Amino acid sequence: MATNFQLLCLIFSIALSVLLRPNFATGSSIGVCYGMVANDLPPPREVIDMYKSNQIGRMRLYDPNPEALEALHNSGIEVLVGVRNEDLQQLADSYSTAENWVATYITPYLPQVHFRYIVVGNEVSPENSARYVLPAMQNLQNALSSGDIKVSTSIATSVLGVSYPPSAGAFSQDTIEYMVPIAQYLNNIGAPLLANVYPYFAYIGDPIDISLPYALFAYETVVVIDGGLSYDNLFDTMVDALYAALEKAGAPQVQVVVSETGWPSDGNGEVTTPENAQIYNSNLISHVLSSRGTPRRPGNSTETYLFAMFNENMKPGAAVEQHWGLFYPNKSQVYPINFPIKRLKHKTWFQKLMQWIIQSAQTAFGKHIYGHN
């Protein structure tokens, strides 16, 4: 009887420890991008503590920053780690360089750091290093000893030549030469395509035809009808245009992961207020966590990463570029935002396990655990 009791206790403790792991507890498809283009950010260990205290279970790093990777040890946070665009040519031309990259930035941190994807280049343009993306991806994937880590690349939605209506989505003539082979490779290895999806930029580029509530997830009625599919927000139309392009490229199994999205809180007048940023990001979180998916891919939550954790005071470009953060560098919130704990992802599994434990205990000890008959 003691042996049975010890076995039941062991099973229960394992189940409980899994349930209480950070990623299990959040059960979330939401992550946040950890950009570092600033000179006033808190140290990485404090940033990791912020992720944990705010129940943020996933992170995107734009390069394999050693201090951040050390801070991620045993955090339970899943991380997308980026390959710098300037490193693509060397990684494409030399398998040994890819092996060395993995040996330097991945292997030493396993298994304490949970790498979700390696992001090979960010928004690489056709005129620059686009031709190096696929061979770099292939070399890095082959260099990885763990089949659990997949490579991908992060694209801008500008790779599409047609994006409206969503079903007409297709890669442009400038990008099709490299995007189709990339899409088919991802399809073959079972990896997603990462995409930076910004309704904000779509809206400011066409404020006459695109309404602000539609861009902010603030409409409750259908705005766009595309064949038999109905859309009430701009985010879904943009993601589904990518799915349509992937299907046309012969990659129908590839999932789209939104590797960046967000709304700036300042820098462009009344469009970029903390209130609008809060509305967009809060509605986006609710949309993603609802597991509603998109009209073209219903029922599956779209894995999404908010841009960004902090306002970054050294980002070049327009004024809005320094105002995408959820937090100021002093760690105070730019506006209230919550990442709801979602313990329901594996609830059915856990309930069944607990039922089995109770039934086994009743059989072993001849009485109910909770009270007596």
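Trainee: How does the lining of the largest pocket split by class?
Mentor: It has 14 nonpolar, seven polar and nine charged residues. Nonpolar covers Ala, Val, Leu, Ile, Met, Phe, Trp, Tyr, Cys and Pro; charged covers Asp, Glu, Lys and Arg; the others, Gly among them, are polar. This is a predicted model: local features need pLDDT of at least 70, side-chain atom pairs count only at pLDDT 80 or more, and totals for chains, interfaces and linings use all residues. Residues are numbered from 1 along each chain as its sequence is written, and side-chain values use heavy atoms, with hydrogens and water left out.
Trainee: Which residues lie nearest the centre of the largest pocket?
Mentor: Y62, N122, N196, E260 and K315.
Trainee: And which element gives the most to the lining?
Mentor: β4, with three residues. Strands here are DSSP E runs of at least two residues, helices H or I runs of at least four, numbered from the N terminus.
Trainee: Switching topic. Where is N311 found?
Mentor: In the loop between β12 (304-306) and α13 (347-365).
Trainee: Buried or exposed?
Mentor: N311 counts as buried because its relative accessibility is 9%. Buried means under 20% relative accessible area, exposed over 50%, partly exposed in between, with a 1.4 Å probe and protein chains only.
Trainee: What does the side chain of N311 reach?
Mentor: Two backbone nitrogens: that of G325 at 2.8 Å and that of W324 at 3.4 Å.

Terms used. 1 Å grid on protein atoms, 1.4 Å probe; cavity = no way out; pocket = protein on both sides within 12 Å on 5 of 7 lines; lining within 4 Å. Polar contact = N/O pair within 3.5 Å; in protein donor to acceptor, adjacent residues only side chain to side chain.
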